[in-house]
Amino acid sequence: MGPTPETCGELLRPLRALMGLKQVALQRGLQLSDQVPYAAAGLLTELVHRGECRVSDLAHHRIVDASVVSRQVNQLEHAGLITRRPDPADRRVSLLRTTELGDRVVAELEQKKAEWIGEALVGWEDAKVRELARLLGDAMSDIRRHTIESGDHSDSGMREGTR
């Protein structure tokens with residue numbers, strides 16, 4: 001049956017707050033480096049975690065238009081944080097991967113954000129943080145899958161790369 005609309009409504013408030021805090025965490029992490037274009041930092045992080053892939057794969061996973069990803073890819077490439085090479089399976093498209101500099105920058109960003117969250121959750125036990133991470137991960141996977149399967153990603157916010 002699933003949760004009631006009322007219960008899901010209760011979830012919206014903390015999710016909105018979490019999205020706002022994501023921006024704060026990103027900004028704090030970006031204070032480490034002028035090398036990362038602000039709008040492209042999330043894409044760079046995702047590319048580090050996903051490994052080499054096509055622009056279309058990143059766009060599909062992020063549920064955004066490929067043009068959004070292409071602009072960010074150009075910024076990251078210009079900054080020396082990623083490279084592209086022809087896809088051997090289809091030389092009309094490129095495979096993207098992070099450079100050593102890109103990997104280092106993301107590691108620094110992630111460390112800074114993790115420290116910030118750790119300071120905020122100083123009274124929490126590791127097990128509670130792990131459980132929250134698991135629940136949020138499960139929820140986001142289900143929401144992403146539903147959004148992709150239903151084709152419900154024509155919303156302008158999704159196209160603009162809200163993640």
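Biologist: What makes the contact between Glu 77 and Arg 84 a salt bridge?

Modeller: In this predicted model, the closest N and O atoms of Glu 77 and Arg 84 are 3.0 Å apart, and because a salt bridge requires a side-chain nitrogen of Lys or Arg within 4 Å of a carboxyl oxygen of Asp or Glu, the pair is counted as one.

Biologist: Why is Arg 84 called partly exposed?

Modeller: Its relative accessible area is 33%, and since buried means under 20% and exposed over 50%, a value in between is called partly exposed; Glu 77, with 31%, is placed in that class too.

Biologist: How do you know whether Lys 113 is buried or exposed?

Modeller: Lys 113 has 18% relative accessibility, and buried means under 20%, so Lys 113 counts as buried, whereas its salt-bridge partner Glu 110, at 29%, counts as partly exposed.

Biologist: What separates Lys 113 and Glu 110 along helix 5?

Modeller: They lie 3 residues apart in helix 5 (residues 100-120), which means a separation of about one helical turn, and their side chains meet at 3.0 Å, N to O.

Biologist: What makes the salt bridge between Glu 52 and Arg 85 a link between distant parts of the chain?

Modeller: The closest N and O atoms of Glu 52 and Arg 85 are 2.8 Å apart, yet the two are 33 residues apart, with Glu 52 in the loop between helix 2 (41-50) and helix 3 (55-62) and Arg 85 in strand 1 (residues 82-87).

Key: Residues are numbered from 1 along each chain as its sequence is written. This is a predicted model: local features need pLDDT of at least 70, side-chain atom pairs count only at pLDDT 80 or more; totals for chains, interfaces and linings use all residues. Side-chain values use heavy atoms; hydrogens and water are left out. Helices (H or I, at least four residues) and strands (E, at least two) are DSSP runs, numbered from the N terminus. Buried means under 20% relative accessible area, exposed over 50%, partly exposed in between (1.4 Å probe, protein chains only).
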